[in-house]
Amino acid sequence: MDLNYSQEETKFREEVHHWLKINLPEDIRQKVIGYQELTKEDYQRWHKILAAKGWSVPHWPVEWGGTGWDMTQRYIYDEEFALAGAPRLPPFGPAMCAPVLLKFGTSAQKEQFLPRIREGDDFWVQGYSEPGAGSDLAAVKTRAERVDDHYVINGQKIWTTLGQHGDWIFCLVRTDPQAEKRQEGISFILMNMKTPGITVRPLILMDGGHEVNEIFFDNVKVPVQNLVFEENKGWTVAKYLLGHERMGSGSVGASRRELAALRALAQRELKNGKSLIEDLRFKDKISRVEIELDALEITSMRFLDQMRRTGQAPGADVSMLKIRGTEVQQMITELAMQAAGPKAQPFVSVSNGVVDPFTSRLAPRYFNFRKASIYAGSNEIQRNIIAKMSLGL
Amino acid sequence: MNFELTPEQKQLADSVSKYLINEYSFEKRKAIINSESGVSEAAWQTFANMGLTAMTLTEVDNGFGGGAIDLMAVMEAMGEALVVEPFLDNVGLAGRLVSRMGSDAQRAKLLPGLIDGSERLAFAYMEQGHRYQLAPQLTLAKANANAGAWVLNGRKCLVTGAASARHLLVSALTPQGASLFIVDTQAAGVELNPSRTVDGFRVADVLFSNVSLHADALLGGDGAAMPFIEEATDFATALLCAEAVGAMKSANDATLDYMKQRKQFGVPIASFQALQHRMVEMYITTEQARSMAILAASKVDDTTNSTGRARAVSAAKIKIADATRLISQESVQLHGGMGMTEELKVSHTFRRLTMIAQQFGDADHHLERYAGLT
């Protein structure tokens with residue numbers, strides 16, 4: 001047993017670290033570590049920089065622009081990016097739509113979409129959830145009717161992250177409302193967001209941010225060439241996507257960086273004339289989070305090692321990374337808000353009010369991160385998965 | 001990076017596990033606990049024959065030169081079987097102290113017997129009113145008028161395995177500071193008052209009244225014992241964490257089985273989501289605790305970084321203490337009334353897990369230590 005990375009892996013880590021130091025734009029990094037919203041331009045600028053280096057889609061097959069790295073290298077790459085304060089590229093194109101196209105797409109679809117995803121030319125978003133289909137995704141109702149050589153789409157999607165930036169959207173739609181099993185009447189369809197009949201309406205969350213949207217489809221005409229895989233086989237595609245690339249869901253690197261920021265904050269803040277970090281009650285809370293994160297890191301490494309040895313993803317157990325990873329993230333956001341104390345209250349300056357640009361982001365950040373245990377399969381759904389698949393319950 | 005055990009490590013753990021399933025079953029364990037000595041000579045001999053007592057001793061002392069990682073899976077098997085032999089106390093603590101601090105003569109006197117199973121040791125360090133402190137406060141060793149000899153006075157409590165030991169390693173204050181002494185349990189002035197713990201172990205309070213010791217009873221340098229005591233305790237704590245993982249696995253397995261069998265409202269209670277999610281929490285918590293046990297074992301084997309070692313061990317112990325509490329409580333709750341009974345193993349696992357949470361310091365103790373090392 002050996003918990004250390006190999007010499008080559010350590011060298012690789014240094015290479016990524018060094019490259020980030022030179023190439024990560026400082027204004028973007030400041031936004032990330034200061035918990036500011038990124039613009040579409042920020043994301044695309046960063047994507048172009050990565051694409052120029054050949055690092056925008058490391059996990060893709062080499063012939064489509066992947067780097068050929070193994071799982072451990074990809075893990076190290078993600079971790080170094082998170083530690084450096086590099087924004088995570090929105091996963092919808094590179095990590096969600098692309099793997100689906102690579103597995104199920106026609107060559108025409110691959111040619112049309114993959115290079116543009118790789119280069120960051122198109123901003124993709126995800127059309128899965130609906131008002132009546134959250135955890136129960138197979139309940140989607142958005143209707144796609146085949147008329148000659150196109151589909152006519154009517155319905156609504158919700159919680160579309162960064163939908164306001166979307167050039168393209170992939171959607172689960174109902175093509176056969178009569179199917180005996182709900183899962184059998186669903187299809188996976190790609191739509192250009194500029195198609196007439198698509199309306200994006202912002203959903204402002206309690207942190208005041210515009211991150212998610214509702215999307216309405218009113219007689220939207222989509223060419224049949226945009227169907228991925230077979231009609232009514234969308235559930236197969238969706239399931240493949242859900243099982244894809246979940247190793248990073250523990251967000252260990254990002255939590256490490258935020259924990260260090262939390263420590264620094266607690267060092268600066270005073271309680272009874274002494275640094276808050278010296279306060280035993282507060283210190284214990286930080287210690288417990290840090291230890292949970294240590295454990296999460298080792299658990300992630302155990303799964304990586306298992307994949308390396310068996311060539312098999314660890315399956316349902318990966319859900320525990322999502323559960324514990326988001327719990328740790330949420331604990332850190334909460335402690336950061338507590339560390340700021342009264343300074344976490346001011347939000348926006350109305351006239352000449354003093355609003356600290358960092359501490360004023362900590363309460364909104366805490367509010368915002370309540371999402372983490374809800375999105376990407378709520379933590380209750382993750383527990384269902386482990387109960388069923390790992391424990392046979 | 002590699003988390004796989006070597007074939008030898010796996011094989012050893014398998015043999016231990018097989019032996020324990022057959023010869024240290026729940027019923028046989030009960031008989032051992034209720035026997036006069038409270039320990040099993042046969043089990044001890046088997047451990048010695050399997051090489052467990054020699055595993056972490058150096059090759060110079062005819063050991064195998066292994067580390068905590070080599071014993072991790074073995075400790076897990078012992079945890080699953082709720083073994084009540086003072087293995088940790090002999091191999092993790094006393095044996096390690098002798099091996100690291102002893103002169104050639106002292107090692108030659110004690111270690112061959114430890115390896116072959118004929119010698120039994122115990123480490124006497126806890127003192128009344130001082131909770132989990134490792135440094136001696138109330139046990140004093142004074143230089144005797146005879147040059148180089150010592151007189152020992154004081155009292156130790158909760159010395160695990162004292163009654164079955166031939167020699168005690170006793171921590172005591174000398175004018176130079178904390179020191180360690182080898183004391184024959186039969187020596188004049190040594191009084192043992194044994195008890196049985198809530199989790200089935202035999203411990204003793206030991207009284208030392210003017211015990212006279214020869215010069216060669218001093219183990220290591222005068223006043224130089226603390227770094228060794230801290231190291232050995234960290235080593236034993238790492239092993240205890242692995243043992244805890246085994247005990248938690250046993251509780252989880254039993255609970256999962258029970259949930260699938262037990263019917264209420266005409267269906268197995270395993271079909272209730274409220275219970276499923278609690279079981280999942282137990283499972284995740286055990287895996288997270290296992291990760292910390294692995295981390296601790298790897299750090300105690302790295303002798304170059306004592307702060308890193310102490311930090312990892314305290315972190316692991318905090319995690320283990322929190323985890324053992326959750327798993328013990330939930331396993332009883334999900335068993336319902338049956339979980340409360342003496343006849344089910346899960347209630348015994350509950351008791352052991354509860355005591356493991358406190359052994360070598362509870363979560364609060366280690367949070368304080370951890371914070372001091374940050």
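1. Domain bounds, as used here, come from an automatic or database domain assignment. For chain B this assignment gives domain 1 (7-120), domain 2 (122-219) and domain 3 (226-372).

2. This is a predicted model, in which local features need pLDDT of at least 70 and side-chain atom pairs count only at pLDDT 80 or more, while totals for chains, interfaces and linings use all residues. Residues are numbered from 1 along each chain as its sequence is written, and chains are lettered from A and ligands numbered from 1 in the order in which they are written.

3. Domain 1 of chain B and domain 3 of chain B have C-alpha centres 21 Å apart. Their contact involves 20 residues of domain 1 of chain B and 23 residues of domain 3 of chain B (two residues are in contact if their C-beta atoms, placed from the backbone, lie within 7 Å).

4. On the side of domain 1 of chain B that touches domain 3 of chain B, α4 (68-81) and α5 (87-101) of chain B each supply at least two residues. Helices are DSSP runs (H or I, at least four residues), numbered from the N terminus. α4(B) gives the most to this side, with ten residues.

5. By residue type, this side of domain 1 of chain B has 13 nonpolar, three polar and four charged residues. Ala, Val, Leu, Ile, Met, Phe, Trp, Tyr, Cys and Pro count as nonpolar, Asp, Glu, Lys and Arg as charged, and the others, Gly among them, as polar.

6. Between the chains, 27 residues of chain B are in contact with 30 residues of chain A. α8 (273-300), α9 (306-335) and α11 (363-372) of chain B each supply at least two residues of the side of chain B that touches chain A, and α8(B) gives the most, with 13 residues. That side of chain B divides into 18 nonpolar, six polar and three charged residues.
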